Amino acid sequence: MLKGFKKVISIVSIAAIVLGMQSPVLGSSANTKNNGKGAGLSKDNGRKWSVVESGEINYVTNRNGPTLGYSVNSGVEYIIKGGYAFKDLNKNKKLDKYEDWRLSVEERAKDLSSKMSIEQISGLMLYSSHQSINSAELTEAQRSYIVNDNLRHVLITRVASPETAAQWNNHAQALAEGLGLGIPLNNSSDPRHGSDSSAEFNAGAGGDISMWPESIGLAATFDPEIIEEFGEIASKEYRALGISTALSPQIDIATDPRWYRFPGTFGEDPNLSADMARAYADGFQTSSGEDEIANAWGYTSVNTMAKHWPGGGSGEAGRDAHYPFGKYAVYPGNNFDEHLIPFLKGAFDLKGGTGSVSAIMPYYTISWNQDTKYGENVGNSYSKYMINDLLRNKYGYEGVITTDWGITEDIGYEIDDMEKFGYGTSWGVEHLTVPERFYKVIMNGVDQFGGVDESDDILAAYEMGVEEHGEEFMRNRFEESAVRLLKNIFQVGLFENPYLDVKETSETVGNAEFMEAGFEAQLKSIVMLKNKDNVLPLKAKNNKKLTAYVPERWYPPVKARFGGGVTPGYFAVPFNLDVVKKYFHVTNDPSKADFALVGIKSPDGGLGYSVEDRKSGGNGYLPITLQYGEYTAEFAREVSIAGGHPTEDFTNRSYKGKTVTAANTKDLDLVLETKKKMGDKPVIVSINMSTPSVLAEFEGKVDGILVNFGVQDQAILDIVSGNVEPSGLLPFQMPANMKTVEEQYEDVPHDMEVHIDTEGNAYDFTFGLNWDGVINDSRVEKYRTVD
């Protein structure tokens, strides 16, 4: 039971006394069940229900059944059948099957889908563009797509506060409840539990939301139980924010180290990724005890959407398919099937009772020459082979399939658009009209369109299908998707009560217990790569704090990937000095310091394309570097594996011989200059790592190296000072040089020459140090690869 339960009861106690009964459990949809246990329901005349009127939302509690919540402004009321209460969502004053919570999710979804108009089903197939919730009130655009386009799936990005999110949810749900068949919103979120590095953790203190390392950091723990605990906690926070679907986990195996989406994955190993995917989904989806509705689904469950089928980690040369220059996933190692392992052995093989992730998102990529039946090279959602033949038929996936965002829109045809994000990503079907693209995707077996707020093109696609296959066929095809989409709303209890108690939301999201669990995971995610002469931990001498020199770092200008211009570069200390000073004295004078703590980031090697290169006569393609200093692509391919785009009159995307330098090349300068200033005194480097990196440029010059994946400064300092022993392991290989990066196969894991440091340690998959040396525990034994 979520914290704040007793306080919530007291809020409605007066109303309960007037009604002659105790109040039901109120608050978030995680508390809408109670199943009659301890509800104190009146037994007069065998009545099995009770009512509490509570302002804008009324609650009806059923003995051995759910608590119903409905807005007084929606026009919805409850009806009684067999002594139980049910919401009359369509206001016809009778109990329809879909309103009967005693029936199975499947029965309810089929009944409701049969009652829906094609316009209503089309709205259910929409998934909104990114929504920032800055106010408790809905915007006009939000009201429009809920009312006019029947949209019921909203992607929430930023929220002003948990309280604002709860208030917005209640207003939006009340609006939807009063329309037509009363279908509630199924709100969703991309991952939102990242850490604020400068924030200080204090035991017993709360925050806006619990803070955890990035997915790659969770993988560095090599502990599925931590991942499952994250899912359990995050699901409670999501439900308290009105979020019932997670657009995660990202389970692509990151077999090319240059991919900028690497930190959102669980690394390059398919078996580790499968275990983490399973634990993640079990944690999010599983309800138990009085929270459970059926089959481990229930009021604390959050639907998970695993991505990206059939794996997006093998973009040629590490380029990403959000952009036309990264539209092709390639398989030079003939290793397509290994990319399916996290899905088949992880996301589709859950142990908590729900069986499988409830949704799948295909990636933008064209899986180059992998369609062995129809011979199409089109984006994965457009591929009948990838969706219908493999995912639906061969592997029997019965859940929702949702496209990635914006795949049906027209692409930009000006060269300058090639580096912008926000235009369409209709890879391989650029020649089709927009309605034709929708039609092709629907006929493959996809159910929903990401980033689409209006239903006109879905309705146009429906008419195309009627013309080709007849009305009955297309009606059945649309109902098929409607049933899948509705099941995900029914199974988390939203039809019974989608409303939140704002006070309970405030007490749940980021509470002290959740914050502590996240911080513990951060500590376990940090990997110690180097500890020359056991310089770490740095402990006080003669009961006197050591003195640290913490140099400023240059933060290079950042061009916004989603538009919005360029953030100027600046110098700043990369740690919160107030936190550092709790562990060490701090000085600006290296001669007075006992050691230096240098904070840098992994090399920012770019996206692999340059408008300037294209305009100056080149093909636009550049290497993506994983080293800090200048890099010339001497060992790149002469001819690219894949190529072709409507804005290009060539297909060879090779960048062989071209030279680039990492945007943050000054990080290398900072390390080397600090070493000169410190002389023989220890230099400890802390790297916030997004992708595997070539560390040979400075590794031999420093004494200690710690790698983190998005943690609070305090976690790093707990390791440096010896308060906590490091235990993280590398969930990927660290390349020896860029030659091995260029020569590895984009689709094959564990195929690089790894860096060997001055201590003789190989920075390979599963490598990590603790105070005793190289870690060789059960985790290493389980996951270590053997040549």
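In this predicted model, strand E2 (residues 57-62) and E3 are joined by 5 bridges and run antiparallel. They belong to an open sheet of 3 strands, ordered E1-E2-E3, with antiparallel pairing.

- Strand E1 (49-54) and strand E3 (67-71) sit at the edges, and each of them pairs on one side only.
- Going from one strand to the next, the twist averages 20 degrees.

**The protein as a whole**
- There are 22 helices and 32 strands to find your way around.
- The radius of gyration is 27 Å, which agrees with the value near 28 Å that a compact globule of 787 residues would have.
- Along the principal axes, the C-alpha atoms fill a box of roughly 85 × 70 × 45 Å.
- Of the 787 residues, 63% are buried.
- Take the contacts between residues at least 6 apart in sequence: 72% of these join residues at least 24 apart.

**Aromatic pairs**
- Searching the whole structure turns up 38 aromatic pairs.
- One of them is Tyr127 with Trp405: the ring centres are 5.2 Å apart and the planes meet at 50 degrees, so this pair is tilted.
- Tyr127 is in strand E6 (residues 126-127), while Trp405 is in the loop between strand E17 (400-401) and helix H12 (434-444), so the pair ties together parts that are 278 residues apart in sequence.
- Both partners are tucked away: Tyr127 is buried at a relative accessible area of 1%, and Trp405 counts as buried at 12%.
- Tyr628 and Phe698 also make a tilted pair, with ring centres 6.1 Å apart and planes at 55 degrees.
- Here two loops are involved: Tyr628 is in the one between helix H18 (611-615) and strand E27 (631-632), and Phe698 is in the one between strand E29 (683-688) and strand E30 (704-708), so the pair ties together parts that are 70 residues apart in sequence.
- Tyr628 is buried, with a relative accessible area of 0%, and Phe698 is buried with a value of 0% too.
- Elsewhere, ring pairs link up a cluster made of Trp212, Phe230, Tyr238, Phe266, Tyr280 and Phe284.

**Charges over rings**
- Arg553 lies over the face of Tyr555, 4.6 Å from the ring centre.
- Lys739 does likewise with Phe635, lying over its face at 5.1 Å from the ring centre.

**Cis peptide bonds**
- Lys307 and His308 are joined by a cis peptide bond, with omega at about 10 degrees.
- His308 itself is in strand E13 (residues 303-309).
- Another cis bond runs from Trp309 to Pro310, where omega is near -5 degrees.
- Pro310 is in the loop between E13 and strand E14 (328-329).

**Positive phi outside glycine**
- Lys93 is not a glycine, yet its phi is positive at about 60 degrees.
- Look for Lys93 in the loop between strand E5 (84-87) and helix H3 (105-115); at 70% relative accessibility, Lys93 counts as exposed.
- Asn534 is another residue other than glycine with a positive phi, near 50 degrees.
- Asn534 is in the loop between strand E19 (527-531) and strand E20 (547-549), and Asn534 is exposed with a relative accessible area of 54%.

Notes. Residues numbered from 1 in each chain as written. Predicted model: local features only at pLDDT ≥ 70, side-chain atom pairs only at ≥ 80, totals over all residues. Heavy atoms only, no water. Phe/Tyr/Trp six-rings, centres within 6.5 Å; stacked < 30°, edge-to-face > 60°. Helix = DSSP H or I, 4+ residues; strand = E, 2+ residues; numbered from the N terminus. Buried < 20%, exposed > 50% of the residue type's maximum accessible area, 1.4 Å probe, protein only. Lys NZ or Arg CZ within 6 Å of the ring centre and 35° of its normal. Pairing = 2+ DSSP bridges. Axes fitted to C-alpha atoms, helices over the stretch in contact; angles between N-to-C directions. Rg over C-alpha atoms; globule rule 2.2 N^0.38 Å. Contact = heavy atoms within 4.5 Å.
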